[in-house]
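Subject: Structure handover

Hello,

Here is the structure I promised you. My notes follow below it.

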Amino acid sequence: MENYKKTKVIEKPSPSLFTGLPQDITDMKVKDGSKIRNLMGYAISKMESDSVRQILFSGSGKAVGKAITCVEIMKRKVKGLHQITKVVFRQIEEMWEPIVPEVGLETLSVKRNIPAICILLSKDPLNTQEPGYQAPGSFDALWLQALKEESQGQKKRKQGGGRGGSKGGKHARSTGGFREAPKKS
């Protein structure tokens with residue numbers, strides 16, 4: 001591919017993953033270069049107003065992780081949000097043209113499937129039977145259990161058996177760089 005340059009990328013339109021959404025829904029299209037601070041400032045201000053009931057976050061490729069981060073921040077800032085997550089593949093077509101056309105190389109078309117995620121957050125209850133549904137606060141129990149296990153592990157480490165606890169042996173404590181002179185008998 002060193003003899004080619006990418007000239008354009010065409011994203012194939014994908015069918016709508018959510019049906020019955022209002023026309024004026026706030027649609028947050030997260031890109032790889034998007035700043036989370038800017039996205040969240042706008043999204044939180046929208047969700048805190050009484051007129052907005054739902055918000056949709058979407059991202060594809062490298063932006064999937066950033067979209068998930070935005071949703072998790074939103075759920076912590078605005079309590080009681082219902083969530084439905086859908087994961088799909090979007091097809092893109094890249095057009096590559098030869099750098100030096102006189103060599104006889106042809107234009108290439110490369111089709112790729114890239115992962116994408118769409119997450120709907122709603123103040124109103126959603127269909128609990130929908131695949132990918134998460135009830136408000138359902139993540140709290142998981143985190144509380146994880147924190148409990150982590151704190152128990154730290155207590156066990158503090159109780160003993162760690163490095164530096166012995167008085168001699170291979171890892172004896174340093175005496176500040178001075179050695180005791182051997183005793184003469």
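This is a predicted model: local features need pLDDT of at least 70, side-chain atom pairs count only at pLDDT 80 or more; totals for chains, interfaces and linings use all residues.

**What turned up**

The structure holds 0 aromatic pairs. To pair, rings of Phe, Tyr and Trp (its six-membered ring) need centres within 6.5 Å.

Residues are numbered from 1 along each chain as its sequence is written, and side-chain values use heavy atoms, without hydrogens and water.

**Fold**

The protein chain has 3 helices and 6 strands (DSSP runs: H or I, at least four residues; E, at least two; numbered from the N terminus). Their order from the N terminus is β-β-α-β-α-β-β-β-α. Of 185 residues, 28% count as buried (under 20% relative accessible area, 1.4 Å probe, protein chains only).

**Largest pocket**

A pocket here is an open set of points on a 1 Å grid that fit a 1.4 Å probe, with protein on both sides within 12 Å along at least five of seven lines; lining residues have an atom within 4 Å of a point. The largest has a volume of about 540 Å³, the space filled by probe spheres set on the points, which are joined across faces, edges and corners. Its lining counts 27 residues; Glu11, Lys29, Ser58, Gly59 and Arg90 lie nearest the centre. Strand 3 gives the most to this lining, with 4 residues.

Best wishes

Note on methods: Rings of Phe, Tyr and Trp (its six-membered ring) pair if their centres lie within 6.5 Å; planes under 30 degrees apart count as stacked, over 60 as edge-to-face and the rest as tilted. Buried means under 20% relative accessible area, exposed over 50%, partly exposed in between (1.4 Å probe, protein chains only).
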